[in-house]
Structures are given as structure tokens and as C-alpha cells.
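This report takes up strand pairing, charged side chains and aromatic rings in turn. The sequence and the model come first.

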Amino acid sequence: MVSVVPDYAGPRGDQGAKPDSPPSDLEGTNPAGHSARRRADQLRAEQSGVTRVVTRMCDSRTEERTWRLAALGEEKVGRKLAQLPDQWTVVHDLDVQRDGANIDHLLIGPPGVFPVTTTFVTGTLTVHDRAILNDGRRTTLLSRPRAEARPTHRG
């Protein structure tokens, strides 16, 4: 089983993969979706019970909803990454100490180290060599991760 740092018990009690003795310098990292889930919980706590019910029933596009869906997506990707072969280590929600930015998933394996950004989108995605379109419109799905990666590059 792939090393996953750390174990995750989701909001409904679903379990992620258990860590297999991660390297000591990776200890203290978070479960997949931790930061997004924490932000959604903070925003939800600020809402009154009535506001919460109405926005959920109407599927309103609130900041809480955005963070909640981001957390769900990161958790789902985290469960998929837990299925990687034994030689892979996966670190989730890694703080990069810059404006609250994080790396959603960091994959460490034989061919190298790969940061993975998880993004929740609806519609049809079309992938081209230098662009990803969502329903025919250009997105930041390539440019944003590149910009976020620049400060962490040491080359």
C-alpha cells in the first residue's frame, strides 16, 4: 500500500488509507482537504441555522459552498491517490508558508516529486497543449498552478 500521510476519517466516518511509517520530516501534515474543510466549517459556523438551510436548499453559490466542494474534491482525489503502488508516498494539504497557500497533494515516487492541485469544476473540459477550456472558455487550470509552483522551485 502507498504511504499516505496521515490517516483520514471523513465527516461521515469514511476512512482513508493508513500511513506506512512515513519519513519523520513528513509527520504533522494534514489529511486530504483539511484546509478547505476547515475554512468551510468556519464559514458555516458564522451562518445562522436558517441561512444555512436556505442556502443549501437553493444550492446558492456561497463562499462556504465553494470551500465545501473543494474539500470534497480533495478528499476524493486523496482516496484515489491512496491506491498508488507501494513505492509512492503521498502528502496532503502541505503548507508552503506563503499567504496561506498549500499544495493539495504531493506525490513522491521513483520518477520524481509531483505537486497535484485539485480543482472542482462543472461543464465540459477540453484539453489542448497549452490551455484547458471549460465549456469553450479559457481557464486558469494551467496558469494558476504554474504561478503557485514558481516560489517553491529551487533550480
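## Basis of the values

The model is predicted, so local features are taken only where pLDDT is at least 70 and side-chain atom pairs only at pLDDT 80 or more, while totals for chains, interfaces and linings use all residues. Residues are numbered from 1 along each chain as its sequence is written, and side-chain values use heavy atoms, with hydrogens and water left out.

Helices (H or I, at least four residues) and strands (E, at least two) are DSSP runs numbered from the N terminus, and two strands are said to pair if DSSP finds at least two bridges between them. A residue is called buried under 20% relative accessible area, exposed over 50% and partly exposed in between, with a 1.4 Å probe and protein chains only.

## Strand β3 and its partners

Strand β3, residues 102-109, is mostly covered, with six of its eight residues buried. Six bridges pair β3 in the antiparallel sense with strand β2, residues 89-95, and within this pairing His92 stands opposite His105 of β3.

Strand β3 also runs antiparallel to strand β4, residues 112-116, to which five bridges join it.

Three strands in the order β5-β6-β7 make up an open sheet with antiparallel pairing. Its edges are β5 (125-127) and β7 (137-138), each of which has a single partner strand, so one side of each is left without a neighbour in the sheet. Between β5 and strand β6, residues 132-134, there are three bridges in the antiparallel sense, and Thr126 has Leu133 in β6 as its bridge partner.

## Salt bridges

Where a salt bridge is a side-chain nitrogen of Lys or Arg within 4 Å of a carboxyl oxygen of Asp or Glu, the count comes to five. One of them joins the side chains of Glu75 and Arg37, with 2.9 Å from N to O; this pair links distant parts of the chain, since Glu75 belongs to helix α3 (residues 63-81) and Arg37 to helix α1 (residues 34-46), 38 residues apart. Both Glu75 and Arg37 are buried.

A network of salt bridges links Asp41, Arg44, Glu64 and Arg68. Within helix α1, Arg44 and Asp41 form a salt bridge whose closest N and O atoms are 2.2 Å apart, and because the two are three residues apart in that helix, about one helical turn separates them. Arg44 counts as buried at 19% relative accessibility, whereas Asp41, with a relative accessible area of 35%, is partly exposed. Arg44 also forms a salt bridge with Glu64, the closest N and O atoms being 2.5 Å apart; Glu64 lies in helix α3 and Arg44 in helix α1, so this contact ties together parts that are 20 residues apart in sequence. Glu64 is buried, at 3% relative accessibility.

## The aromatic pair

Rings of Phe, Tyr and Trp (its six-membered ring) pair if their centres lie within 6.5 Å, and planes under 30 degrees apart count as stacked, over 60 as edge-to-face and the rest as tilted. By this rule there is one aromatic pair, formed by Trp88 and Phe114, which is tilted, at 6.2 Å centre to centre and 40° between the planes. Trp88 lies in the loop between α3 and β2 and Phe114 in strand β4, so the pair ties together parts that are 26 residues apart in sequence. Trp88 counts as buried at 13% relative accessibility, while Phe114 counts as partly exposed at 36%.
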